[in-house]
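Me: I'm new to this one and would like to learn how to read it. Could you walk me through it, one feature at a time?

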Amino acid sequence: MKQIKLMCDAVCKSLRGKGTSRHRAFLRSTCAAAIRFLAFFLLFWGCSLLRASHPKAEERSRTAISKNATATGPFGEIVRGPRDKSEIALTFDAGADAECFEDLITALADAHVHSTFFVTGKFAQQHRDCAAEITKRAHEVGNHTWNHLNLTQQPDDIVREEITRAEIILNNSCGQDPKPRWRAPYGERDERVLKIATNLGYRSIYWTLDSLDGVEPVKTPQFLIDRVTGKSDAELDGAIILMHVGVRSTTEALPAIIADLQGRGFRLVTISKLLEAQKSVR
Ligand SMILES: [Zn+2]
């Protein structure tokens, strides 16, 4: 606002001496209004540009679901399993928080469900018991990188280090090799990142359906139940569903989600089991 006044004064100064004082006052107010309008226009225009270039997480998720019409993307990325096996893979990303991990793993055990956990190196380092428990309960582990960075914004050597460093600790703390399964943090990947992962022996496992349990605002258990069980059998057959470790509403929603899916005749399996027919993933 201060700049607007300064600009206005400068224009008015150049008009000084011309016309009557009433005329000058009219010119000054017209000039101020025009500059203010221009400033607001530029502000809104700038904001709308920013919004367009930085889609919110939720918007990204929606895009992700709609483009899952094909099973594989560049470099053999997996976005869903075969549609004719009545199998679904519940997958859990473990990035930081281990809150209510015990309840989550118990809910899976109670329903005899085996899942795939995409674990970061940091999670495995900070929660060694949880990392070991995943294997003890016959679940499968995938590589979720060391530090959960947006890899598309990292140079090649950091991308490689993020993946290989996590691989070492996951082998040690989980007691199983995550290879060839890996999932990009935030689902943020591009051809360069996928190529690097492929060269390290990995295959990106994306998802068919995001439960949105990792997207602000925090979801209620009922939201998550409706979000998953509200999908048709055709949509769910072969689906890879994204959920998270450390989210209380996910843990609370899990028994109802599992009961609904199993009640509809689906087997809930690991990524390896889901993709068994596709020999190349092993
Ligand atoms: Zn993650």
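Me: Where is Ser86 found?

Reply: Ser86 is found in the loop between α3 (57-66) and β1. Helices (H or I, at least four residues) and strands (E, at least two) are DSSP runs, numbered from the N terminus. Before we go on, residues are numbered from 1 along each chain as its sequence is written. Also, this is a predicted model: local features need pLDDT of at least 70, side-chain atom pairs count only at pLDDT 80 or more, and totals for chains, interfaces and linings use all residues.

Me: How many helices and strands are there in the protein chain?

Reply: The protein chain has twelve helices and eight strands.

Me: Back to Ser86: what is its phi?

Reply: Start with the general idea: most residues other than glycine have a negative phi, and most peptide bonds are trans. Ser86 is not a glycine, yet its phi is positive, about 50°. Tyr186 has a positive phi too, near 60°, and is a residue other than glycine. Tyr186 sits in the loop between β4 and α8 (191-199).

Me: And which peptide bonds are cis?

Reply: One of them joins Lys179 and Pro180, with omega about 10°. Pro180 lies in the loop between α7 and β4 (181-182). Another cis bond runs from Glu216 to Pro217, with omega near -5°. Look for Pro217 in the loop between β6 and α9 (221-229).

Me: Why does Ser86 count as partly exposed?

Reply: You count neighbours. A residue is buried if 20 or more other C-beta atoms lie within 10 Å of its own, exposed if 12 or fewer, and partly exposed in between, with C-beta atoms placed from the backbone. Ser86 has 14 C-beta neighbours inside 10 Å, so it counts as partly exposed. Tyr186 gets that label because it has 16 such neighbours. Over the protein chain of 282 residues, 37% count as buried.

Me: Is Thr145 buried or exposed?

Reply: Thr145 is buried, because 28 other C-beta atoms lie within 10 Å. Thr145 belongs to the loop between β3 and α7. Contacts tell you what surrounds a residue: two residues are in contact if their C-beta atoms, placed from the backbone, lie within 7 Å. Leaving aside neighbours within four places in sequence, Thr145 is in contact with Thr120, Glu162, Ile163, Ala166 and Pro185. Glu161 has its place in helix α7 (residues 156-173), and is partly exposed, with 15 other C-beta atoms within 10 Å.

Me: How do I read a strand? Which way do the residues of β7 point?

Reply: In a regular strand the side chains alternate between the two faces of the sheet. In β7 (residues 240-244), Ile240, Leu242 and His244 point one way, Ile241 and Met243 point the other way, and all are buried. Strand β3 (residues 140-143) has Glu140 and Gly142 pointing one way and Val141 and Asn143 the other, all buried as well.

Me: Which strands pair with β7?

Reply: Two strands pair if DSSP finds at least two bridges between them. Strand β1 (residues 87-94) pairs with β7 in the parallel sense over five bridges, and Leu90 has Ile241 as its bridge partner in β7. Strand β6 (residues 209-210) runs parallel to β7, joined by two bridges, with Leu209 opposite Ile241. Elsewhere, β2 (residues 116-119) and β3 pair in the parallel sense over four bridges. There, Val119 stands opposite Asn143.

Me: What about the largest nonpolar core: how many residues has it?

Reply: A nonpolar core is a set of buried Ala, Val, Leu, Ile, Met, Phe, Trp, Tyr and Cys residues joined through C-beta atoms within 7 Å. The largest here has 61 residues, and those with the most contacts inside it are Ile88, Ala89, Phe117, Val119 and Ile241. Setting aside neighbours within four places in sequence, Ile88 is in contact with Leu236, Ala239, Ile241, Leu261, Phe266 and Leu268.
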